[in-house]
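Work through the exercises below with the model open. Try each task before reading its solution.

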Amino acid sequence: MSTGGEKTMVKLQNDSKMTFEEAMAALEKIVQDLENGESTLEESMRLFTEGMSLSKLCSEKIDSIEHRITQLVKDSQGQVHEVEFEE
């Protein structure tokens with residue numbers, strides 16, 4: 001088994017500083033490690049748990065960015081206003 005999962009574990013301890021891209025890369029590495037089938041059951045469970053944490057982190061970062069997105073809307077008098085993005 002590669003030590004890539006161990007590096008992910010270290011990064012997760014500082015996840016507030018982890019970028020979305022770093023979290024996604026770590027999640028992809030975990031998926032690769034799980035798919036190769038070389039891990040023990042215990043290691044697979046640890047990787048799965050880390051993956052779930054990374055998935056949650058990515059989701060939270062996306063939600064945070066969605067809340068900050070604004071759109072420009074022109075009113076009937078031609079004035080442009082910023083409004084929060086609505087889905």
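A salt bridge is a side-chain nitrogen of Lys or Arg within 4 Å of a carboxyl oxygen of Asp or Glu. This is a predicted model: local features need pLDDT of at least 70, side-chain atom pairs count only at pLDDT 80 or more, and totals for chains, interfaces and linings use all residues. Residues are numbered from 1 along each chain as its sequence is written, and side-chain values use heavy atoms, with hydrogens and water left out.

**Exercise 1.** Trace the network of salt bridges that links Glu43, Arg46 and Glu50.

Step 1. Take Glu43 and Arg46. Their closest N and O atoms are 2.6 Å apart.

Step 2. Move to Arg46 and Glu50. This salt bridge spans 1.9 Å, N to O.

Step 3. Glu43 and Arg46 lie in helix 3, three residues apart; Arg46 and Glu50 are four residues apart in helix 3. Helices are DSSP runs (H or I, at least four residues), numbered from the N terminus.

Step 4. Check burial: buried means under 20% relative accessible area, exposed over 50%, partly exposed in between (1.4 Å probe, protein chains only). Glu50 has 3%, so Glu50 counts as buried. Glu43, at 18%, is buried. Arg46, at 22%, is partly exposed.

**Exercise 2.** Describe the salt bridge between Lys56 and Glu60.

Step 1. Read the distance: 3.8 Å, N to O.

Step 2. Locate the pair. Lys56 and Glu60 sit in helix 3, four residues apart, about one turn of the helix.

Step 3. Check exposure. Lys56 is exposed at 52%, whereas Glu60 is partly exposed at 42%.

Conventions. Helix = DSSP H or I, 4+ residues; strand = E, 2+ residues; numbered from the N terminus.
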